[in-house]
Amino acid sequence: LIEWQVRYALKHHNWSSVLKLTKLKLIESDPCWRYWRARALQARGNKPQAQAIYQSLSKTRSYYGF
């Protein structure tokens, strides 16, 4: 259910909801949601935190790592 809420927030560019929902323990370790958390941080002007997430993702072999 949380993933559906995040997808809805993404669709409507509700970055504050994306940040709040991706902070939950249930999904924070998933590379997909970590990527979208970085995108939300970047959209809200917090580029240093977004870059840190992007860099950690780039160390894994996955779609979001590339």
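**Ground rules**

I worked on a predicted model, in which local features need pLDDT of at least 70, side-chain atom pairs count only at pLDDT 80 or more, and totals for chains, interfaces and linings use all residues. I number residues from 1 along each chain as its sequence is written, and side-chain values use heavy atoms, with hydrogens and water left out.

**Entry 1: α1 against α2**

I began with the N-terminal pair, taking helices (H or I, at least four residues) and strands (E, at least two) as DSSP runs numbered from the N terminus. The axes of α1 and α2 come within 8 Å and cross at roughly 155°, where axes are lines fitted to C-alpha atoms, for helices over the stretch in contact, and angles run from 0 to 180 degrees between N-to-C directions. That crossing makes α1 roughly antiparallel to α2 (angles under 35 degrees count as roughly parallel, over 145 as roughly antiparallel, 65 to 115 as roughly perpendicular and the rest as oblique). I noted the crossing of α1 and α2 as left-handed, meaning that the near helix is turned anticlockwise from the far one by less than a right angle, whereas clockwise would be right-handed.

For contact I used heavy atoms within 4.5 Å. On the α1 side the contact is made by Ile-2, Gln-5, Val-6, Ala-9 and Leu-10, and on the α2 side by Trp-15, Ser-17, Val-18, Leu-21 and Thr-22. Sorted by class, these residues of the contact of α1 with α2 come out as seven nonpolar, three polar and no charged (Ala, Val, Leu, Ile, Met, Phe, Trp, Tyr, Cys and Pro count as nonpolar, Asp, Glu, Lys and Arg as charged, and the others, Gly among them, as polar).

**Entry 2: the loop residue His-13**

I then looked at His-13, which sits in the loop between α1 and α2. Its phi is near 55°, a positive value in a residue other than glycine. I marked this down because most residues other than glycine have a negative phi. His-13 is exposed, with a relative accessible area of 56%; here buried means under 20% relative accessible area, exposed over 50%, and partly exposed in between (1.4 Å probe, protein chains only).

**Entry 3: α2 and its buried residues**

How many residues of α2 are buried? I find six of the eight in this helix, residues 15-22, which is therefore mostly covered. The buried ones are Trp-15, Ser-17, Val-18, Leu-19, Leu-21 and Thr-22, and they pack against α1 (2-11) and α3.

Leu-21 is buried at a relative accessible area of 13% and, leaving aside neighbours within four places in sequence, is in contact with Ile-2, Gln-5, Val-6 and Ile-27. Leu-21 and Ile-2 stand 7.1 Å apart, C-alpha to C-alpha, at 19 residues apart in sequence. Leu-19 counts as buried at 15% relative accessibility, and touches Arg-37, Ala-40, Leu-41 and Arg-44, not counting residues up to four places away in sequence.

**Entry 4: α3 against α4**

Next I took helix α3 (residues 31-43) and helix α4 (residues 47-57), whose axes come within 8 Å and cross at roughly 155°. That makes α3 roughly antiparallel to α4, and the crossing of α3 and α4 is left-handed. From α3 the contact draws on Pro-31, Arg-34, Tyr-35, Arg-37, Ala-38, Arg-39, Leu-41 and Gln-42, and from α4 on Lys-47, Gln-49, Ala-50, Ile-53, Tyr-54, Ser-56 and Leu-57. By class, I count eight nonpolar, three polar and four charged residues in the contact of α3 with α4.

**Entry 5: aromatic pairs**

A search of the whole structure gave me four aromatic pairs (rings of Phe, Tyr and Trp, its six-membered ring, pair if their centres lie within 6.5 Å; planes under 30 degrees apart count as stacked, over 60 as edge-to-face and the rest as tilted). Tyr-35 and Tyr-54 form a tilted pair, 6.1 Å centre to centre with 50° between the planes. Tyr-35 lies in helix α3 and Tyr-54 in helix α4, so the pair ties together parts that are 19 residues apart in sequence. Tyr-63 and Tyr-64 form an edge-to-face pair, 5.0 Å centre to centre with 85° between the planes. Tyr-63 is exposed at 68% relative accessible area, while Tyr-64 is partly exposed at 26%.

Which residues do ring pairs link into a cluster? I list Tyr-35, Trp-36, Tyr-54, Tyr-63 and Tyr-64. Not counting residues up to four places away in sequence, Tyr-35 touches Tyr-54, Leu-57 and Tyr-64.
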